[in-house]
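The sequence and the structure are shown first, and the description follows.

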Amino acid sequence: MTRTEASGTTQLVAAMTKALREQQELTQEELGKQIGYTGSAVSAVETGVQPPSDKMLVKLEEAIGGGLGIFEKARRLVLLDKYPAQFKNFALVEQDAVSLSSYQTFVVDGLFQTPEYARALIGGGFPKLPEEKVEELVEARVARRALFDRAEPTAMIE
(Lines give C-alpha, C1' and ligand atoms only; values in the text may rest on other atoms or scores of the structure.)
Protein backbone atom coordinates (compact mmCIF):
# COMPACT_ATOMS: atom_id res chain seq x y z
CA MET A 1 0.00 0.00 0.00
CA THR A 2 1.39 3.39 -0.90
CA ARG A 3 0.56 6.56 0.92
CA THR A 4 -1.86 7.56 -1.85
CA GLU A 5 -3.70 4.25 -1.37
CA ALA A 6 -3.88 4.70 2.42
CA SER A 7 -7.17 5.86 3.91
CA GLY A 8 -7.62 9.44 4.98
CA THR A 9 -7.44 8.34 8.60
CA THR A 10 -4.14 6.52 8.06
CA GLN A 11 -2.73 9.55 6.24
CA LEU A 12 -3.79 11.89 9.05
CA VAL A 13 -2.32 9.62 11.75
CA ALA A 14 0.87 9.38 9.67
CA ALA A 15 1.18 13.17 9.46
CA MET A 16 0.38 13.65 13.17
CA THR A 17 2.89 11.01 14.22
CA LYS A 18 5.68 12.56 12.17
CA ALA A 19 4.88 16.14 13.21
CA LEU A 20 4.68 15.34 16.93
CA ARG A 21 7.79 13.14 16.79
CA GLU A 22 9.76 15.90 15.07
CA GLN A 23 8.39 18.54 17.45
CA GLN A 24 9.85 16.51 20.31
CA GLU A 25 13.10 16.09 18.36
CA LEU A 26 12.94 12.30 18.37
CA THR A 27 14.24 10.01 15.65
CA GLN A 28 12.07 7.18 14.44
CA GLU A 29 14.36 4.76 16.28
CA GLU A 30 14.08 6.74 19.54
CA LEU A 31 10.30 6.90 19.35
CA GLY A 32 10.20 3.22 18.45
CA LYS A 33 12.18 2.33 21.57
CA GLN A 34 9.87 4.44 23.74
CA ILE A 35 6.76 2.69 22.49
CA GLY A 36 8.14 -0.83 22.08
CA TYR A 37 8.39 -0.91 18.28
CA THR A 38 11.19 -0.67 15.75
CA GLY A 39 12.14 2.49 13.92
CA SER A 40 11.00 0.72 10.76
CA ALA A 41 7.52 0.26 12.23
CA VAL A 42 7.37 3.97 13.06
CA SER A 43 8.54 4.75 9.52
CA ALA A 44 5.85 2.49 8.03
CA VAL A 45 3.19 4.39 9.97
CA GLU A 46 4.63 7.81 9.10
CA THR A 47 4.71 7.00 5.39
CA GLY A 48 1.21 5.51 5.40
CA VAL A 49 2.49 2.13 4.23
CA GLN A 50 1.09 0.39 7.34
CA PRO A 51 -1.77 1.70 9.49
CA PRO A 52 -0.95 1.70 13.19
CA SER A 53 -2.28 -1.08 15.37
CA ASP A 54 -4.58 -0.21 18.24
CA LYS A 55 -1.76 -0.99 20.67
CA MET A 56 0.59 1.34 18.83
CA LEU A 57 -1.95 4.18 18.97
CA VAL A 58 -2.21 3.75 22.74
CA LYS A 59 1.59 3.88 23.05
CA LEU A 60 1.85 6.90 20.72
CA GLU A 61 -0.69 8.74 22.85
CA GLU A 62 1.39 8.07 25.96
CA ALA A 63 4.71 8.96 24.32
CA ILE A 64 4.00 11.96 22.09
CA GLY A 65 0.28 12.74 22.42
CA GLY A 66 0.91 15.52 24.92
CA GLY A 67 -2.37 14.89 26.69
CA LEU A 68 -4.38 16.04 23.67
CA GLY A 69 -6.06 12.67 23.14
CA ILE A 70 -5.38 12.80 19.39
CA PHE A 71 -4.26 9.20 19.04
CA GLU A 72 -6.98 8.04 21.42
CA LYS A 73 -9.63 9.63 19.20
CA ALA A 74 -8.01 8.09 16.12
CA ARG A 75 -8.38 4.56 17.50
CA ARG A 76 -12.05 4.21 16.51
CA LEU A 77 -11.47 5.61 13.03
CA VAL A 78 -8.44 3.40 12.37
CA LEU A 79 -10.46 0.40 13.54
CA LEU A 80 -13.27 1.26 11.12
CA ASP A 81 -10.74 1.35 8.27
CA LYS A 82 -9.89 -2.28 9.00
CA TYR A 83 -13.43 -3.46 8.28
CA PRO A 84 -14.41 -4.46 4.74
CA ALA A 85 -16.07 -1.58 2.86
CA GLN A 86 -19.46 -3.31 2.82
CA PHE A 87 -19.41 -3.65 6.64
CA LYS A 88 -18.26 -0.17 7.74
CA ASN A 89 -21.72 1.41 7.85
CA PHE A 90 -23.12 -1.58 9.72
CA ALA A 91 -20.32 -1.36 12.30
CA LEU A 92 -21.13 2.32 12.91
CA VAL A 93 -24.83 1.57 13.41
CA GLU A 94 -24.00 -1.44 15.59
CA GLN A 95 -21.91 0.69 17.97
CA ASP A 96 -24.93 2.83 18.82
CA ALA A 97 -27.49 0.02 18.86
CA VAL A 98 -29.69 -0.54 21.86
CA SER A 99 -31.10 -3.83 20.60
CA LEU A 100 -29.69 -6.35 18.13
CA SER A 101 -31.46 -9.22 16.45
CA SER A 102 -29.31 -11.77 14.73
CA TYR A 103 -29.87 -15.15 13.17
CA GLN A 104 -26.96 -17.12 11.75
CA THR A 105 -27.35 -20.55 10.26
CA PHE A 106 -23.81 -21.86 9.84
CA VAL A 107 -21.52 -19.39 11.56
CA VAL A 108 -21.42 -17.93 15.06
CA ASP A 109 -22.30 -14.23 14.88
CA GLY A 110 -19.21 -12.00 14.78
CA LEU A 111 -20.03 -10.43 18.15
CA PHE A 112 -19.79 -13.83 19.83
CA GLN A 113 -16.73 -15.20 18.06
CA THR A 114 -13.61 -16.00 20.02
CA PRO A 115 -10.34 -14.79 18.47
CA GLU A 116 -9.49 -18.39 17.56
CA TYR A 117 -12.83 -18.99 15.84
CA ALA A 118 -12.62 -15.68 13.96
CA ARG A 119 -9.04 -16.46 12.90
CA ALA A 120 -10.13 -19.86 11.56
CA LEU A 121 -12.99 -18.32 9.56
CA ILE A 122 -11.02 -15.38 8.20
CA GLY A 123 -7.81 -17.29 7.56
CA GLY A 124 -9.56 -20.28 6.01
CA GLY A 125 -11.01 -18.49 3.03
CA PHE A 126 -9.92 -18.42 -0.57
CA PRO A 127 -7.85 -16.77 -1.79
CA LYS A 128 -5.59 -17.11 1.22
CA LEU A 129 -4.95 -13.81 3.00
CA PRO A 130 -1.53 -12.82 4.35
CA GLU A 131 -1.18 -13.59 8.07
CA GLU A 132 -0.84 -9.86 8.91
CA LYS A 133 -4.18 -9.14 7.20
CA VAL A 134 -5.84 -12.05 8.99
CA GLU A 135 -4.64 -10.74 12.35
CA GLU A 136 -5.79 -7.21 11.47
CA LEU A 137 -9.28 -8.48 10.58
CA VAL A 138 -9.45 -10.69 13.70
CA GLU A 139 -8.47 -7.68 15.86
CA ALA A 140 -11.18 -5.59 14.24
CA ARG A 141 -13.82 -8.30 14.68
CA VAL A 142 -12.97 -8.96 18.34
CA ALA A 143 -12.94 -5.20 19.05
CA ARG A 144 -16.65 -5.16 18.22
CA ARG A 145 -17.24 -6.94 21.52
CA ALA A 146 -16.68 -3.62 23.31
CA LEU A 147 -20.43 -3.23 22.83
CA PHE A 148 -20.89 -5.64 25.76
CA ASP A 149 -18.71 -3.52 28.07
CA ARG A 150 -20.73 -0.37 27.44
CA ALA A 151 -22.45 0.94 30.57
CA GLU A 152 -25.28 2.91 28.96
CA PRO A 153 -27.34 2.03 27.15
CA THR A 154 -27.00 -1.65 27.85
CA ALA A 155 -27.18 -3.61 24.61
CA MET A 156 -29.98 -6.15 24.42
CA ILE A 157 -29.17 -9.13 22.25
CA GLU A 158 -32.23 -10.92 20.84
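In this report a residue is called buried if its relative accessible area is under 20%, and exposed if that area is over 50%. The model described here is a predicted one.

**Helix 7 and its two sides**

On the face of helix 7 that is turned away from its buried side, the exposed residues are Glu 116 and Ala 120. The buried residues of helix 7, for their part, are Ala 118, Ile 122 and Gly 123. Because these residues cover an arc of only 110° around the axis, they lie on the same side of helix 7. The cover over the buried residues of helix 7 includes helix 8.

**The packing of helix 7 with helix 8**

Helix 7 spans residues 115-123 and helix 8 spans residues 131-143. The two helices pack at an angle of about 135°, and their axes are 9 Å apart. Angles of 65 to 115 degrees count as roughly perpendicular and those over 145 as roughly antiparallel; helix 7 and helix 8 are therefore oblique to each other. The crossing in which helix 7 passes helix 8 is right-handed. On the side of helix 7, the contact is made by Pro 115, Ala 118, Arg 119, Leu 121, Ile 122 and Gly 123. Helix 8 contributes Val 134, Glu 135, Leu 137, Val 138, Arg 141 and Val 142. By class, the residues of this contact comprise eight nonpolar, one polar and three charged.

| Residue | Relative accessibility |
|---|---|
| Glu 94 | 6% |
| Ala 44 | 19% |

Glu 94 belongs to helix 6, which comprises residues 85-95. With its relative accessibility of 6%, Glu 94 counts as buried. When residues up to four places away in sequence are not counted, Glu 94 touches Phe 87, Leu 100, Leu 111, Arg 144 and Leu 147.

Ala 44 is found in helix 3, residues 39-46. Its relative accessible area of 19% means that Ala 44 is buried, since the cut-off for burial is under 20%. Apart from neighbours within four places in sequence, Ala 44 is in contact with Val 49 and Gln 50. Ala 44 can also be placed relative to Ala 14: the two are 30 residues apart in sequence, and their C-alpha atoms are 8.7 Å apart in space.

How values were computed:
Residues are numbered from 1 along each chain as its sequence is written. This is a predicted model: local features need pLDDT of at least 70, side-chain atom pairs count only at pLDDT 80 or more; totals for chains, interfaces and linings use all residues. Side-chain values use heavy atoms; hydrogens and water are left out. Axes are lines fitted to C-alpha atoms, for helices over the stretch in contact, and angles run from 0 to 180 degrees between N-to-C directions. Helices (H or I, at least four residues) and strands (E, at least two) are DSSP runs, numbered from the N terminus. Angles under 35 degrees count as roughly parallel, over 145 as roughly antiparallel, 65 to 115 as roughly perpendicular and the rest as oblique. A crossing is left-handed if the near helix is turned anticlockwise from the far one by less than a right angle, and right-handed if clockwise. Contact means heavy atoms within 4.5 Å. Ala, Val, Leu, Ile, Met, Phe, Trp, Tyr, Cys and Pro count as nonpolar, Asp, Glu, Lys and Arg as charged, and the others, Gly among them, as polar. Buried means under 20% relative accessible area, exposed over 50%, partly exposed in between (1.4 Å probe, protein chains only). The arc is that of the directions from the helix axis to the C-beta atoms.
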